[in-house]
Each structure stands twice: as C-alpha cells, then as structure tokens.
Amino acid sequence: MSEHAEHVPGLAHHFATMEQQKEAGTVGMWVFLVTELMFFGGLFLVYTIFRSTYPEGFEYGSFLLSVPLGLTNTVVLILSSLTMAMGVHSAQTGKQGALQFYLVVTLLLCLAFLGIKSIEYTTKVKDHLFPAYTTYNPVTKEADPTNTHAVPTKIKSEVRTFLWIYFLMTGLHAFHMIVGAGMLVALIWMARKGRFNEHYNSPIEIGGLYWHFVDIVWIFLFPLLYLSGYHLNSGH
Amino acid sequence: MEIAAKNIDAHVEEEESVNYLNATHTVKSWLLTLDHKRIGILYLLSISVFFLIGGIYASLIRLELVTPRGDLLTPETYNRVFTMHGVIMIFFFLIPSIPATLGNFLLPLMLGAKDVAFPRLNLLSWYIFMIGGIMMMYTLLSGGIDTGWTFYPPYSSIYSNSQVTLAGISIFITGFSSILTGLNFMVTIHTMRAPGQTWFRLPLFVWGMYATSLIQILGTPVIAITVLALAFERTLQIGIFDPKLGGDPILFQHMFWFYSHPAVYIMVLPGMGVISEIIASMTRKAIFGYHFVAFSSLAIAVFGFLVWGHHMFTSSQSMYAGMVFSLISFAVAIPSAIKVFNWVATIYKGSVSYDTPMIYALAFLGLFMVGGMTGLFLAALGLDIHLHDTYFVVAHFHYVMVGGQVIAYLGGLHFWWPKMTGRMYSETWGRISAVIIFLGFNLTFFPQFVLGYLGMPRRYHAYVPEFQFLHVLSSAGASVLALGFFVPAIYLTWSLFYGKKATANPWQAYGLEWQTPSPPPTENFTYDPVVTHEAYDFDSVKEISDARAKVAVTA
Amino acid sequence: MSEHHVVPVKTYLTIFGALMVGTVLTVTVAKYNFGSLNVLIALTIASIKATLVILFFMHVYYSSKLTKVVIGAGIFWFAILIIMTITDYRVRQNWHIGLGTVEKPIAANEKQAAPQHSNSMPNGGH
C-alpha cells in the first residue's frame with residue numbers, strides 16, 4: 001500500500017526516504033570524485049613519463065619554484081580541510097553560527113591559496129618562464145650565474161617541459177578551487193537561510209567531500225612539483 | 001483522493017489516459033522537464049538528427065569510392081568528410097544512443113523507481129550534449145577537421161589547417177554529458193531499486209547499463225584531459241606531443257586509446273543488454289546462464305580497459321607491451337562469446353516469435369559474431385601488421401558498431417516503442433525494413449573485409465582499378481542500407497498518429513516496465529512496485545498483471 | 001548505510017596535527033638527495049596523508065562498503081592507467097634521444113601551402 005509521504009522538508013519527490021536520498025547523494029559525489037581522479041590521473045601519467053625521461057630538467061625546474069610559497073599553500077589548504085570538516089560537524093550538531101563561521105573561514109583560506117598561486121604565476125611570467133613557445137625566454141645560467149631564476153642552457157628545453165606540466169597541473173587544480181569557492185558561497189548562502197540542521201546537512205557533507213578531494217590532489221602535487229629539486233638548495 | 005482500480009491491460013480506446021507525453025503540452029515543460037522519460041525522448045530526437053548528418057557524410061564517402069580516381073572530392077575535402085563521419089557517428093550518435101534514449105527511459109521503470117537519482121543532472125546532461133553538438137555543427141560549418149576521428153598529433157597539433165581546437169573543445173564538453181549520464185545510472189542502480197529487486201533479479205539490460213556506466217565514469221575523463229592537452233599543444237606549442245620540443249606523439253595515442261577502446265564497449269554493451277531482453281521475451285524463456293551473462297558484462301567493462309594498445313601495434317610501441325595487449329585482447333573476446341552462447345542456448349527450444357525486434361536480435365547475433373571474430377584477427381600481432389589501417393579494420397568495426405549496436409538499437413526501439421509511445425508500429429513494414437537493413441548492411445561491409453585483406457588502405461579516396469568491383473558492391477549496399485534506415489523513420493512516425501493503441505504488455509514480457517500503462521504516467525507507477533519473482537519468470541507475467549489490476553490506487 | 005556518526009572534534013584535530021607533521025616531514029626529507037628513492041619517499045608520505053584525509057575528514061572510516069568499493073575501484077583504475085602505459089615506456093627508454101633540439105616549431109598559421117592534387121594517380125600516404 002503506498003502512502004504519499006507528508007512533505008518532508010528537503011526530500012525530493014523521487015526518493016522514498018531521506019536515508020535513500022542521502023545515500024544517493026553521497027555515492028554520487030564519490031563516483032564524481034572517481035571521475036576527477038581519472039581526469040587528474042591523465043596529468044599524473046604525463047608527469048610520470050616526462051619526469052622519468054627528463055630527470056635533470058625536472059629537478060632544476062622544481063628548484064625554480066618557491067618552496068616557502070608552496071609550503072604556505074599546503075598548510076593553508078590542509079587547514080581549510082580542517083575548517084570544512086568542522087563545518088560539517090557544526091551542521092551535524094545543529095550549531096548554525098559555527099557552521100557559517102567555518103564555511104566562511106574555509107572560503108577565505110581558499111581565496112588566500114588562490115592569491116598566493118597568482119603571485120607565483122605572475123612571478124613566472126615576469127621571469128620569462130611561462131612555457132608557451134613564444135614566451136619562454138629564461139635568463140641562462142651561463143649569462144647570469146647569480147640569478148636565482150636562471151636556467152642552464154643544456155636543460156633549457158627540459159625545464160620548459162617541467163614548467164608546462166607545472167602550469168597544467170596546478171592550473172587545473174586552481175580551476176577546481178575556484179569552482180570550490182563558488183560551491184562554498186552557495187553553501188554559505190543556504191546556511192544563512194537556516195537550511196541546515198541535525199537532520200538535513202548532506203549538501204555540507206557532500207560539498208566537504210569535494211573540498212577534501214581538492215586538498216588531496218594538492219597533497220600529491222606539492223612534493224612532486226615543489227620538492228623534487230629542493231635538495232639542490234644545499235650544495236648543488 | 002481515491003482513484004478506482006484500473007485494469008491496465010484493458011484497451012484504452014475512449015479517453016486518452018494521462019501519461020508522461022500528454023501531462024503537459026508547453027514547449028517549456030519539455031525543455032525544462034525533469035522526467036527521465038521525456039529526457040529520453042529529447043535525446044532520441046537529437047541523436048536521430050546526428051545520425052542523419054553522419055549518414056550524409058557516409059553517403060559522400062561511398063559515392064566517392066564508386067570510382068578509382070578521386071573525382072568527386074578533393075583529397076582535403078575527403079579527409080574532412082570521413083573525419084566528420086567518424087566524429088559525429090561515434091561521439092554524437094553511438095555513445096549516447098542506447099544509454100541516453102532507451103536507458104534513460106527504461107532504467108527507472110525496470111528498477112521500479114520514480115526517476116533517476118539526479119533528475120536535474122539528467123536534464124543538464126542533455127543540455128551539455130546539445131551544446132557540444134551545436135559546437136560540433138559550428139565546427140563543421142567552419143570547415144570541419146581533416147585529422148581522422150583519432151586526432152593523432154603531430155598532424156592535429158601542428159600541421160592541420162582545420163578546426164582541431166574547436167572540435168576538441170566540443171568533444172570535451174560532450175564527454176561530460178556521457179560522464180553525468182553514467183554517474184546518474186550507477187547511483188540509481190545502486191540506491192533506487194524497488195523492494196525485492198535484488199541484483200540477480202535485475203533485467204540483464206540493467207546489468208548492461210551498469211557495465212556501460214562503469215566505463216563512462218572511468219574512461220571519459222581521460223579523453224577529456226587528452227583533448228585538453230591537445231588543445232593546449234595546438235594553441236601554445238607547449239611540447240607535450242611535439243617531438244621537436246621534447247614531446248612524444250605516442251603518448252597521445254596511449255591516452256586517447258585508453259578511453260577510446262573502452263568507448264567501443266560503451267557502444268556495444270547497451271546493445272547486448274537490449275538483445276538479452278528481446279530474446280528472453282520473444283522466446284518466452286529466461287536467458288540461459290543469467291549469472292554468466294551478467295558477469296560477462298562486467299568482465300567486458302573491466303578487461304576492456306586493459307587492451308588499448310592493440311590500436312597501436314604499428315605505432316613503435318614497445319613489442320613487449322604489444323604482446324601483453326594482444327594476449328589480453330584475445331581474453332576480452334571470451335565474455336562476449338559467453339554471451340553469444342547463452343543467447344543461442346536461450347533460443348534453443350524456445351517458443352520463438354519472429355516479430356521485428358526478434359529479427360533484429362537474430363541479425364545482431366550473426367553480425368556481432370562476425371565483427372567480434374574479425375576483431376580477433378586484428379588482435380593477432382602478426383596479422384595486424386598487414387591489416388592495420390586497411391579496410392579490414394573498417395569492416396570489422398562497422399560489423400560490431402552498425403551490425404551490433406545500431407541493429408540492437410533499432411531492435412530495442414521497436415521492442416519498447418509501444419511502451420514509449422503507446423502505439424504499435426506496422427509489423428509488416430518492421431520486418432521488411434529489418435531484412436532490407438540486414439541485406440544492405442552485409443552488401444556494404446562484407447566486400448570491405450576482402451578489400452582490406454587485398455590491401456586497400458583506409459581513408460583513401462582513390463585506389464587501384466582492381467578494387468573497383470568490390471567498392472561498387474559496397475556502395476550499392478550502402479544505398480540499400482540507407483533505404484533501410486529511412487523506412488522505419490517513416491512508419492514509426494506514422495504510427496505515432498495512426499498506429500494501433502498499445503496495451504501495457506503487448507509482448508507479454510517480464511519486467512516492471514510492462515507492469516504499467518503504455519505510455520507510462522509521469523510518476524511511472526501508480527502503486528509501489530515490489531518484486532517477488534526471479535528475472536524472466538514468464539509464468540508469473542499474467543499473474544502479476546492480474547494482481548495489479550485488482551489493486552486500488554490511492555493518491 | 002547512513003552515517004549518523006558524528007566524528008568528534010578531537011579526532012579532526014589529531015588528524016590535522018598528523019597532517020602537519022607529515023608536511024614538515026616531507027619538506028625536511030626533501031632537503032636530502034636519496035637518488036631514485038626521492039620520489040618513493042615523497043609519494044609514501046603523501047599517500048599516508050591522503051589516506052588520513054580520506055578515512056577521517058571524508059568519513060570513509062565510518063562509511064558503507066559501497067563507498068569503500070567505489071574508492072578502491074577508482075584507485076585501481078588509476079593504477080591501470082599509469083602502470084600499463086609505463087610498460088611501454090620502460091622498454092622505449094631512449095624515445096627522446098635526438099629530440100628536444102628546439103627549433104622554431106611550425107606555428108598554426110604558417111603551414112606550407114596545400115600541395116596541388118592530381119586526379120590521375122592514387123594518392124600515396126597521409
């Protein structure tokens with residue numbers, strides 16, 4: 001015997017129970033994250049192949065990146081994962097104020113990350129290191145040995161390979177962060193309207209899943225891109 | 001409010017019942033619909049248009065190849081024609097075909113659900129598909145591309161004068177439509193099955209859709225990133241595929257085929273699912289070896305990801321990698337063969353009715369077998385050296401894609417036509433066109449096996465005069481095939497207005513989709529379906545229909 | 001399965017601490033050159049950090065089997081992509097020899113003019 005469910009707030013008409021809706025949403029987000037894994041996976045493949053082919057170029061290219069800035073970004077992003085998790089916790093315990101607070105902090109950390117990233121990018125462009133064919137024109141080490149942004153002529157083209165991989169991977173990652181920022185804005189707006197509580201908070205959780213995924217990608221990008229040439233700092 | 005019991009098997013002659021088609025009439029209600037059935041119809045219309053466009057390109061190809069000299073089209077134009085034929089047919093017809101039309105329409109019905117898990121995402125899928133399609137049309141109109149549908153660099157990234165970047169972006173966009181559909185279906189199958197609808201009671205069509213979704217989710221993102229990388233390579237000359245800049249053209253091929261091989265299984269698995277349904281229903285027997293068929297679908301999906309290198313045997317790929325790919329390619333044929341054995345075993349001693357869907361199913365069995373076995377020829381390293389890039393390959397993939405998927409699609413379209421439209425089509429014309437298609441198809445493509453074996457290369461618009469006879473046969477076949485495709489368009493459309501009204505279960509088939517009126521109401525079922533029988537339990541069909549008819553429906 | 005389980009704040013803070021330790025560790029270790037082990041060490045640390053995020057920040061520790069299977073499948077497929085492609089490159093290690101000598105690549109707007117086509121002979125080659 002069917003009984004039309006009395007309108008449960010937040011329950012879409014095609015689901016039988018909130019339970020089912022939440023499960024569908026969660027599984028759906030995980031499946032989406034798997035597609036993202038395969039999407040980034042193609043770039044990790046590219047990284048693997050070119051790194052094993054041009055080890056010196058990768059080492060030196062990595063050395064050209066700023067570890068302090070990358071490290072700051074790593075800490076910022078992991079911290080934002082914590083605040084996002086705290087946001088989920090607040091929603092689950094019905095603390096509206098804390099929820100909004102944590103979501104806003106996550107958003108601010110996201111913007112900080114993007115700000116630092118744009119500083120890094122503009123620095124590269126300024127140093128003629130942007131790896132499009134027409135813009136790549138680094139100072140050579142032979143010409144200016146003291147310049148920290150100079151590149152040995154022998155591996156000039158290999159370093160360029162590293163750089164476009166760097167830009168592609170971090171660029172795609174930054175794009176995902178921008179989308180994440182948009183998502184956070186939407187969640188903040190809904191939270192301010194009081195849409196979330198102990199019983200209905202799956203959008204926060206599901207949004208959190210996306211956010212943590214973006215964090216995980218960076219957790220791998222940081223050592224692979226920034227730290228490969230770090231040992232060159234001491235006695236290269 | 002209570003509605004009196006309705007005998008859903010009764011002929012509805014007097015008033016038109018309210019169903020998903022006539023519930024609302026405005027254009028807006030169709031373009032903003034969240035109903036999976038309407039979305040399926042929207043897809044049906046879109047892909048039919050793309051099929052027509054792709055078919056026009058095919059006609060140009062076959063017209064050119066009637067004579068040995070390149071006298072109809074210039075070489076450059078011919079390159080664009082076969083490229084656009086491939087791109088449109090693969091990305092805008094075959095990949096969406098069964099999943100987006102029949103899958104969208106039937107999946108929730110077969111599961112006993114009210115809709116897919118994410119109806120808005122479903123509508124978004126269609127819009128993304130349309131945007132990608134319109135973009136591809138624009139690419140076409142601004143010159144098209146001449147790289148072959150495979151876009152190999154460095155030709156596509158450096159030397160080609162055509163709209164590669166635009167086409168790449170269009171495919172990138174369309175890929176998301178495929179990903180979202182696969183995501184939707186996978187979540188729906190996992191979380192929205194009706195009570196009693198255990199995994200092994202599911203129709204095999206659902207297993208086919210599940211396996212297809214697996215591939216769509218795991219493979220499509222890789223081609224997305226590949227096309228993106230190609231676009232960057234072409235616009236910024238970054239050097240990922242360009243040897244002069246330290247890149248590797250073979251890397252493109254690896255990344256491209258990592259998706260594009262599993263893609264061919266996206267193109268065939270849904271068809272196999274349809275065939276299971278048709279054969280079961282029209283032999284009134286449960287599919288022999290249900291578990292084997294179900295697991296074979298999964299096996300094809302998984303193994304299909306491990307064989308992509310068989311497209312690259314002559315590319316300078318490592319010989320050892322080639323050997324591994326060759327071996328696994330032989331292995332991937334096994335689950336397909338298992339399915340064919342099981343279908344044949346089902347027909348044996350079954351009560352066969354030769355309605356149009358069954359004719360298509362029988363055609364599928366023969367044609368898919370030829371296509372599959374010739375795939376094995378190509379999987380053999382030594383043979384492939386000679387057959388690669390010849391018409392043998394062209395014939396092979398047309399046998400599986402047209403003889404397989406398109407035939408299955410047409411069979412499915414006819415099988416579920418009464419359910420989707422509430423009308424019966426003309427059985428006579430259905431059978432006639434099925435036979436025309438079968439004959440035309442074989443006449444078109446069988447000579448191409450011989451041509452390829454004799455050495456005729458693919459993608460050539462001119463050839464040595466010795467090959468002309470076979471090419472003329474092939475082009476003659478193409479005309480018959482084209483006719484065969486037009487006839488259903490006519491009588492199916494005619495049936496929408498003048499066809500006999502269909503009952504809920506005109507084939508007396510087993511399945512939840514047949515336990516609701518034709519066409520179904522917007523909410524799919526006027527009761528909450530509960531599954532108590534095993535799959536393909538035909539004895540229970542009448543019993544279930546009678547029980548449904550007695551149920552009083554309360555709103 | 002639903003997760004009504006609310007992860008305690010203490011768990012989140014502990015995991016955060018572990019992630020910070022991991023970050024400091026990976027930077028410190030990177031100061032030294034272990035040759036071909038560099039990448040392995042970096043990936044190991046990163047994998048442990050990622051696992052912590054997945055299990056606790058993303059609640060997978062408390063999630064249904066289906067979720068775990070989905071994640072496992074994703075990782076497995078990612079592995080197929082990398083490993084099977086690498087099998088080709090392991091053998092073709094010298095594919096790049098002779099490449100990378102950067103002359104000006106032919107830009108998209110500087111193609112050679114299309115060759116005149118002749119109707120009398122079948123065209124050879126692409």
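Guide: Start with Glu120(A) and Lys117(A), whose side chains form a salt bridge with N and O 2.8 Å apart. Keep in mind that this is a predicted model.

Visitor: Where do Glu120(A) and Lys117(A) lie in the chain?

Guide: Both are in helix 4 of chain A, three residues apart, or about one turn of the helix.

Visitor: And are Glu120(A) and Lys117(A) buried or exposed?

Guide: Buried, both Glu120(A) and Lys117(A).

Visitor: Which parts of chain B does the pair Arg431(B) and Asp355(B) link?

Guide: First the contact: those two side chains meet in a salt bridge at 3.3 Å, N to O. The pair ties together distant parts of the chain, with Arg431(B) in helix 15 and Asp355(B) in the loop between helix 11 and helix 12, 76 residues apart.

Visitor: Why does Asp355(B) count as buried?

Guide: The cut-off for buried is under 20% relative accessible area. Asp355(B) counts as buried because its relative accessibility is 16%. Arg431(B), at 34%, counts as partly exposed.

Visitor: What about Glu56(A)?

Guide: Glu56(A) forms a salt bridge with Lys154(A), and their closest N and O atoms are 3.6 Å apart. Glu56(A) sits in helix 2, while Lys154(A) is in the loop between helix 4 and helix 5, 98 residues apart. At 42% relative accessibility Glu56(A) is partly exposed, whereas Lys154(A), at 68%, is exposed.

Visitor: How many salt bridges does the structure hold?

Guide: Nine, over all chains. There is also a network of salt bridges linking Asp248(B), Asp88(C) and Arg92(C).

How values were computed: Residues are numbered from 1 along each chain as its sequence is written. Chains are lettered from A and ligands numbered from 1 in the order in which they are written. This is a predicted model: local features need pLDDT of at least 70, side-chain atom pairs count only at pLDDT 80 or more; totals for chains, interfaces and linings use all residues. Side-chain values use heavy atoms; hydrogens and water are left out. A salt bridge is a side-chain nitrogen of Lys or Arg within 4 Å of a carboxyl oxygen of Asp or Glu. Helices (H or I, at least four residues) and strands (E, at least two) are DSSP runs, numbered from the N terminus. Buried means under 20% relative accessible area, exposed over 50%, partly exposed in between (1.4 Å probe, protein chains only).
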